[in-house]
Amino acid sequence: MGVPRKPIEPPTPEQAAFLERAIEQYGKATYNFAYRLTQNEADARDLTQEAFIRVYRAWRSFQPGTSFLSWIYRIVTNLHRDELRRKKGRYQEGLPEDNAPQEFSGQRPLAVTPIEDYVEGQLSEPLSRSLEQLSADQRQVIVLADIEEYSYQEIAEIMGCSIGTVRSRLHRARALLRRLLQRQQQK
Amino acid sequence: MMHLTNEQLIDYMHGELNPQQDAAVFEHMESCEACRAEYDAELSVTELLRAYAREDERELPSTVKAAIWSQVRSARPPVWSRITEWIRPAVAVPVAAAIALAAYFGTSYLGPQGVPSIEAGYYLQDHQALNGTIPFNDHSGTPADLMNASPVDNQQAAVVVPPVEYTADVSP
């Protein structure tokens, strides 16, 4: 990453203004999104830089009236996926333990309450450690659905998959996240 | 009584159930403490994630901004870079040599053998001169033209494969 494959052309004044505005308004959100996906600053910086270069190159394909953030999130998501494929082996559709079907109809034990013990200010550590253990897809879907508050439809467009896939990925990711958090809590 | 699944609760929380399902989940939770507790547990995961995101929010590092702009600013126009490429000695010298050779063979060596060879000489000379001085004569379309071109146009000439007749040739 970092070095573009295609050479880029110098900006026209409008193009420069477009990039300027995009970085100004969405740079921080994009960087935070990249950071949540990668869980590390160096990768987040690279992802953000490359994403804005893509935006710069393809700026004419942006349709005013559509969400810029969804567009750049889609770019970041794709770049992240490519990057993980390149470092192959680390990219998995889901962790194996995540595949057990969940059955909760019938008798339900009263909910083990999760996370009330976590006090604000101390949650970064256990939560980021738990998030790290999710697969990239699971992290993406959780960040988009629960932090960024996108609808399943929007997430499907950003991640380039069906709504059904978003739904099942989110269910599994959250179930796994809860288990991981409980495990952290027990320590 | 059947309890709600976590899938239902998660979809409910994200507002992703259809109105009937949504109403059914709502109604069930009115009367079922266990499911309400489970819903609270799901909700607290989301709240935890949001609190974490707020707490851990970062500013865009100025180095990233600078790196984007330096990459953009260092870009050079493709036309200019191609002109400079043609001016380079590694390209210019062979081109000049080719023109000189073409002129030599075209006029003095091939010349006495007849008119066509002179024409060939002129052609070579002209061709080289054209390539040397107007190197972009193939650059007919602007990027906009290229974007408007439909890829389908290029696929019109589909190869039509005639049906093959299989004749049983079972001569002994």
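Val55(A) is buried, with 22 other C-beta atoms within 10 Å; a residue counts as buried if 20 or more other C-beta atoms lie within 10 Å of its own, as exposed if 12 or fewer, and as partly exposed in between, with C-beta atoms placed from the backbone. The model is predicted, so local features need pLDDT of at least 70 and side-chain atom pairs count only at pLDDT 80 or more, while totals for chains, interfaces and linings use all residues. Residues are numbered from 1 along each chain as its sequence is written, and chains are lettered from A and ligands numbered from 1 in the order in which they are written.

**Chain A overall.** Chain A contains seven helices and zero strands, and its pattern along the sequence is α-α-α-α-α-α-α. Helices (H or I, at least four residues) and strands (E, at least two) are DSSP runs, numbered from the N terminus. Of the 187 residues in chain A, 35% are buried. Where contacts in chain A link residues at least 6 apart in sequence, 72% join residues at least 24 apart; a contact requires C-beta atoms, placed from the backbone, within 7 Å.

Val55(A) belongs to helix α2 (residues 41–57) of chain A. Neighbours within four places in sequence aside, its contacts are Ala22(A), Ile72(A) and Ile75(A).

Gly27(A) is located in helix α1 of chain A and is buried, with 20 other C-beta atoms within 10 Å. Residues up to four places away in sequence not counted, Gly27(A) touches Leu60(B) and Lys65(B). A C-alpha separation of 8.4 Å is found between Gly27(A) and Phe52(A), which are 25 residues apart along the chain.

**Helix α1 of chain A.** This helix (residues 13–38) has a kink of about 60°, centred on Tyr26(A); the bend at a residue is the angle between axes fitted to the seven residues ending there and the seven starting there. Just after α1(A), Gln39(A) has a positive phi of about 60°.

**Helix pairs.** The table gives the packing geometry of one pair in each chain. Axes are lines fitted to C-alpha atoms, for helices over the stretch in contact, and angles run from 0 to 180 degrees between N-to-C directions.

| Pair | Angle | Axis distance |
|---|---|---|
| α1(A) and α5(A) (residues 136–147) | roughly 140° | within 9 Å |
| α1(B) (residues 6–13) and α3(B) (residues 33–55) | about 55° | 10 Å |

The angle between α1(A) and α5(A) makes them oblique: angles under 35 degrees count as roughly parallel, over 145 as roughly antiparallel, 65 to 115 as roughly perpendicular and the rest as oblique. Phe33(A), Arg36(A) and Leu37(A) of α1(A) meet Ala136(A), Arg139(A), Gln140(A), Val143(A) and Ile147(A) of α5(A). By class, this contact of α1(A) with α5(A) has five nonpolar, one polar and two charged residues; Ala, Val, Leu, Ile, Met, Phe, Trp, Tyr, Cys and Pro count as nonpolar, Asp, Glu, Lys and Arg as charged, and the others, Gly among them, as polar.

In chain B, α1(B) and α3(B) are likewise oblique to each other. Their contact is formed by Asn6(B), Leu9(B), Ile10(B) and Met13(B) of α1(B) with Glu38(B), Tyr39(B), Glu42(B), Leu43(B) and Thr46(B) of α3(B). These residues comprise five nonpolar, two polar and two charged.

Terms used
Two residues are in contact if their C-beta atoms, placed from the backbone, lie within 7 Å.
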